[in-house]
Amino acid sequence: MTAPHPRIARSTLINLAGLLIPTAVSLATVPLYLRWIGEVRYGVLLLAFTLLGYFGAFDLGLGRAVAQRVARQENSEERNRTFWTAFLLSAGMGVLGGIILYFLGHWLFADIFQIPAMLRGEAQKAIPWLAAIVPLIALISVLAGTLEARQAFLSLNASQIIGVIGLQTFPLLSVALGHGSIAALIAAALAGRLMGVLVMFWLTARRLPFVGWPALHRAEIGPLLRFGGWISVSGAVIPLLTIVDRLIIGARLGAAAVTAYTVPFNLTQRLTYLPYALSTTLFPRFSQAQGEDAKGLLRQAVTALTAIQTPFIVLAILLTHPFLTLWIGAALAAKMAPVAIILLLGIWINGPAYIPYAYMPAQGRPDLMTKFYLAELLPFLFILWALIAWLGIVGAALAWAIRSSADAIFCFVATGTTKTYGRAISLTLFPIIAAALMASAALPIILGISIGSVIFSISLGMSYYLLPEPLRNRLMFWRNHPLSQHFSE
């Protein structure tokens, strides 16, 4: 097996940076939101964005369809036919999604979510602004898919960083200017998103590049919708699977509980950035590769990702409670830390599955994962409802971890990589369990630091042993040569 192409590593680092920079901004803004608008109003804002996330499915799966199709096309005219057809279809569906959200949102915020009476009026006034963001999300999907297909990861991440930072910081700017209602916050978020879309459109025009005038091409509609149809169904089910926990918490436990669950959820999801970055990098390569070349790349990526992510998960588990205490205070940390630890365990199990999850649609089988999502939907909803009723927000975290584990198992079975994953996960199991047990114990600080350091060191050693030989050789190369010499090659 050949060593991974250096461009894969560089592209993955670019994708990772594109996720980490907005994370740093988010870490800085969450305490400001809690201090400036309060836990309850922030919970309502999170419910609004959660609902908005579900309506991202109205892109019809065209973003992923464009990424797969454009990656295989060899001339600019073909790529433009695919892009403009997808762009116009996505724009139309985004407008339809916005209209549906406009009418559905009034019912949800008035009758379903347990929003304090004093905030219901604010929430109702915010719905038109919320609906206006839906078409932007649909367009972002197609633009991002095009840049991904062209492997223009620097342009993709630069534009996404601008949009996400605008989404996070413009509402705070609105509060600073004296406009702190929920409607004003979401209007400001719309402005931030719009800024990101304009930058992404300009960069797409440079990297595609554009040829001719925008038009729908009948020959492109069929292939795009057939591929995107499965992605679209998946796009409708996945948000339901991933946001329904917050919707049920909001309906049964109230907006404050949404905050207590969503803050650790969003925080721990940062550990999925590495799997997501690598899978995004590999998707166009999986689309182009065939046979054993694709399988070999798949197996190597699964093993490498399991090895690399384990020390990060171990460290996150060990530091969760101390970090939350320093970040948002001891009272909230006591409620959020158990949720975060359970979610981190689910991420450790599910993280390597991002690779086969990208592999299946890239190889022309977007239907496989969608069928599994449909099969697990009702059992998951039953488990989620029961565990929330029994354990509250901790039960919601446990249900999410169970579903993520089931998703991972299916991905590896469907792609024939169960043996590869089983070996990798078994070799890294001990430090994960040890970290979780220690994080749940009330140990003196000195003893905790000592034991935690040993556990983290063990995780590093096991991960190094697990790394595929080409990656270990590359690490030795980096150790023995100056960085400047390496990057000049």
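Trainee: Is A158 buried or exposed, or partly exposed?
Mentor: A158 counts as partly exposed, because its relative accessibility is 36%. Buried means under 20% relative accessible area, exposed means over 50%, and partly exposed is in between, with a 1.4 Å probe and protein chains only. Keep in mind that this is a predicted model, where local features need pLDDT of at least 70, side-chain atom pairs count only at pLDDT 80 or more, and totals for chains, interfaces and linings use all residues. Residues are numbered from 1 along each chain as its sequence is written, and side-chain values use heavy atoms, with hydrogens and water left out.

Trainee: Okay, where does A158 lie?
Mentor: In helix 6, residues 153-176. Helices here are DSSP runs (H or I, at least four residues), numbered from the N terminus.

Trainee: Switching topic: why is helix 3 largely enclosed?
Mentor: Eight of its eleven residues (62-72) are buried, so the rest of the structure largely encloses helix 3.

Trainee: Which residues of helix 3 are buried?
Mentor: L62, G63, A65, V66, A67, Q68, V70 and A71.

Trainee: How many cavities of 30 Å³ or more are there?
Mentor: Two. A cavity is a set of points, on a 1 Å grid over the protein atoms alone, where a 1.4 Å probe fits but cannot get out; lining residues have an atom within 4 Å of a point. The volume is the space filled by probe spheres set on the points, which are joined across faces, edges and corners.

Trainee: What lines the second largest cavity?
Mentor: V44, A48, F109, A123, A126, I127, L130, I182 and I186 do. Helix 5 gives the largest share, four residues. The lining has nine nonpolar residues, no polar and no charged. Ala, Val, Leu, Ile, Met, Phe, Trp, Tyr, Cys and Pro count as nonpolar, Asp, Glu, Lys and Arg as charged, and the others, Gly among them, as polar.

Trainee: Last one: is W390 buried or exposed?
Mentor: W390 is exposed, with a relative accessible area of 65%. You'll find W390 in helix 14.

Conventions
Helices (H or I, at least four residues) and strands (E, at least two) are DSSP runs, numbered from the N terminus. On a 1 Å grid over the protein atoms alone, a cavity is a set of points where a 1.4 Å probe fits but cannot get out, and a pocket is an open set with protein on both sides within 12 Å along at least five of seven lines; lining residues have an atom within 4 Å of a point.
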